[in-house]
Amino acid sequence: MKGSSGKPRAGAVRKAAHSKQVGTGGHGRKALEGKGPTPKAEDRSWHVAGKRKAAQERYEAAGGKGKAGQKGRSQRPGAPRGASGASQRSRSGDESEIVTGRNAVVEALRTKVPATTLYLAQRVEMDDRVRESLKMATNRGIPVLEVTRPELDRLAGDGGVHQGLALKVPAYEYAHPIELLDEVLANDETPLFVALDGITDPRNLGAIIRSTAAFGGQGVIVPQRRSVGVTAAAWKTSAGAAARIPVAMASNLTQTLKALKERGVFVLGLDGDGDVSLPGLEFADRPVVVVVGSEGKGLSRLVTETCDAIVSIPIGAATESLNAGIAASVTLYEISRLRAERSA
């Protein structure tokens, strides 16, 4: 609009603000470029192939089959409090345990467990196991008490099946995981361990101890917290195998597994969604620790990340999952079979 003088009014005309566009000077060129070829699977540390490659390198660095380097001997992250030597064990507590059942009792006495009392039910039916138990207890100076069946029922606890025989033993003394490895290597054996992650049922522990003994394993590892220990129920389910197979306690399971890895041991976790199938397992003839998770939650996140491979057991579609003890047994059998096949 124009004023009376014919000139535009002040402020009536707005100047268009033209902003001058400035380039990046080539700094944005990288954003337009590709990231190059995708790294090979074995070069990616998070990939299963990468973990496998790293495990193989650790194995070769440790000296090959059945041998492990000395790295980590002075550092024992899995040591329970009070463990201070290969011959020493750490106690779980001061309370005694009652081992029940004829097989469990006779096996405990055969391995010279420091028992304090043998209980015998009145008018018990004698068989070879009862006779052998009485003979060993007498020879070792262990007191033998004849008690009524109700008293033996009370000692055995709820659901305890004693078969007329029970043995009072001190609280279980746990081995040290790394010292357990040293003992196996000193015997020139290829390590085969089972570690429990979050398993709280003593019957599962007993079954796993029994399977470990049956298929050539040398030990079981349990965490110090949030896990079952070697109780009378575990002794019973193991059918005496708990007297032959040492159980080690790890104050921190993840750190203990890492320490075993540094010594050349392969860590294999069991999970239904694993990326490695059990049949024909390539790690079977190497030093191995098999990690079994709880039935409800499976393996914990930190333990899963520590594993070199997650192994699955092929099962029918109608079956949702396997019991922890059964899964461990199947895995131990396959490893034992493959070791025998490959050594032939």
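Which residues of the largest nonpolar core touch the most other members? A nonpolar core is a set of buried Ala, Val, Leu, Ile, Met, Phe, Trp, Tyr and Cys residues joined through side-chain atoms within 4.5 Å; buried means under 20% relative accessible area, exposed over 50%, and partly exposed in between (1.4 Å probe, protein chains only). In the largest core, of 67 residues, they are Leu167, Leu196, Leu205, Val220, Trp235 and Leu281.

The model is predicted: local features need pLDDT of at least 70, side-chain atom pairs count only at pLDDT 80 or more, and totals for chains, interfaces and linings use all residues. Residues are numbered from 1 along each chain as its sequence is written, and side-chain values use heavy atoms, with hydrogens and water left out.

Helix 11 supplies the largest share of this core, namely six residues. Helices (H or I, at least four residues) and strands (E, at least two) are DSSP runs, numbered from the N terminus. Leaving aside residues up to four places away in sequence, Val220 touches Val194, Leu196, Leu205, Ile208, Ile209, Thr212, Ile245, Pro246, Val247 and Ala248. Another core, of 23 residues, lies apart and has among its members Val184, Ala259, Leu299 and Ile310.

Helix 4 (residues 128-139) illustrates packing within the structure. Its buried residues are Val130, Ser133, Leu134, Met136 and Ala137. They pack against helix 3 (102-110), strand 3 (117-121), strand 4 (144-147) and strand 5 (165-169). Just after helix 4, Gly141 has a positive phi of about 75°.

Rings of Phe, Tyr and Trp (its six-membered ring) pair if their centres lie within 6.5 Å; planes under 30 degrees apart count as stacked, over 60 as edge-to-face and the rest as tilted. This rule gives three aromatic pairs. Tyr172 and Tyr174 form an edge-to-face pair, because their ring centres are 4.9 Å apart and their planes stand at 70°. Both Tyr172 and Tyr174 are buried. Phe215 and Tyr333 are also edge-to-face, because their centres are 5.8 Å apart and their planes are at 70°. This pair links distant parts of the chain, 118 residues apart: Phe215 lies in the loop between helix 7 (202-214) and strand 8 (219-223), and Tyr333 in helix 11 (residues 324-343).

Confidence is expressed as pLDDT, the predictor's confidence in each residue, from 0 to 100. The protein averages 78, and 72% of the residues score at least 70. Among its elements, strand 7 (residues 192-197) has the highest mean pLDDT (96) and strand 1 (residues 90-91) the lowest (37).

Notes
Contact means heavy atoms within 4.5 Å.
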